[in-house]
Amino acid sequence: MDTQPSPGGDASGILAASLWRDIKAMLAWWKRKGWEASNRRSSRGSIMIKNNAGRDVGAGEFLQLESMTQPADSTLGITTNYTPIMSATTPTWHSAIDNIVIADSPVIDGEYFPYQPHPFGIVKCSGSKGSALRYVMPDPSDPKYAIRCSSGLYRILGYDAVNEFAIVDLGKSQSRWRYKLTEDAQVSGSTEAKLYTTDGVEFSSTTIILSDPLGVGDEDSIDFEGYCKNAGNEFLIASGPC
């Protein structure tokens, strides 16, 4: 019997409570030990993040890094006797989703928490779109949570349907999406469109601003459908997948 959750699949029948605790313990071990060597060499293996969201943040929520608040000089990357401090707030769709981190544990408003890059994460989900549930993307209606779908920031390794948490690979993403114009293409290179998953499901009722700086789709009219790629806060018109 296959005891491994399929990518993006419903792992509720496999990830029993004890196994789920083991997975969390593994991620905690990575944070403690996986980066221990780099932390001995310098402080660049971790940063301190201030919760600047104006609210308490729950475990698995997305946060958008805002700024470097310390030090205010040009020595970052060579000085090793301090830990960089940054602030983070709630992401905003799709104007502030380009520098996402995940809260590993609950964080009180205004408090600081250590953040260390590691290969896996646990993300709180709010729903799904389509049938090819392979990646997570910020939920346009509530971007602190993730939507499971066919494209997104992080690759899904398994899913706990009871608690609505996804285990994700932070090193793998899928940037390709589909779109449908809600107006004729604008010569300015910024046209409103609906975003669709690659398996053809409307991702959100909220429109996106489709960027076309080279004028590839200048002749396209309302209801035209095509492909685009997510690049930070932008969705850029792109050629088909072939």
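This is a predicted model: local features need pLDDT of at least 70, side-chain atom pairs count only at pLDDT 80 or more; totals for chains, interfaces and linings use all residues.
Me: Which residue takes a positive phi in the hairpin of E9 and E10?
Reply: This hairpin has four residues between the strands. The residue with a positive phi, near 60 degrees, is Glu164.

Me: Which residue of E10 is the bridge partner of Ile122?
Reply: E10 also pairs with strand E6, residues 120-128, in the antiparallel sense and over five bridges. In E10, the bridge partner of Ile122 is Ile167.

Me: Why is strand E10 largely enclosed by the rest of the structure?
Reply: In a regular strand the side chains alternate between the two faces of the sheet. In E10, Phe165, Ile167 and Asp169 point one way while Ala166 and Val168 point the other way, and all of these are buried. Strand E10, residues 165-169, is largely enclosed because the number of its five residues that are buried is five.

Me: How much space lies in the largest cavity?
Reply: The count of cavities of 30 Å³ or more comes to one. The lining of the largest cavity includes Tyr179, Leu181, Asp212 and Ile237. The space in this largest cavity is about 70 Å³.

Me: How many residues in the lining of the largest cavity are charged?
Reply: Among the residues of this lining are Gln186, Thr191, Asp218 and Asp220. The lining divides into five nonpolar residues and four polar ones, and the number of charged residues is three.

Key
Residues are numbered from 1 along each chain as its sequence is written. Side-chain values use heavy atoms; hydrogens and water are left out. On a 1 Å grid over the protein atoms alone, a cavity is a set of points where a 1.4 Å probe fits but cannot get out, and a pocket is an open set with protein on both sides within 12 Å along at least five of seven lines; lining residues have an atom within 4 Å of a point. Grid points are joined across faces, edges and corners, and a volume is the space filled by probe spheres set on the points. Ala, Val, Leu, Ile, Met, Phe, Trp, Tyr, Cys and Pro count as nonpolar, Asp, Glu, Lys and Arg as charged, and the others, Gly among them, as polar. Buried means under 20% relative accessible area, exposed over 50%, partly exposed in between (1.4 Å probe, protein chains only). Helices (H or I, at least four residues) and strands (E, at least two) are DSSP runs, numbered from the N terminus. Two strands pair if DSSP finds at least two bridges between them.
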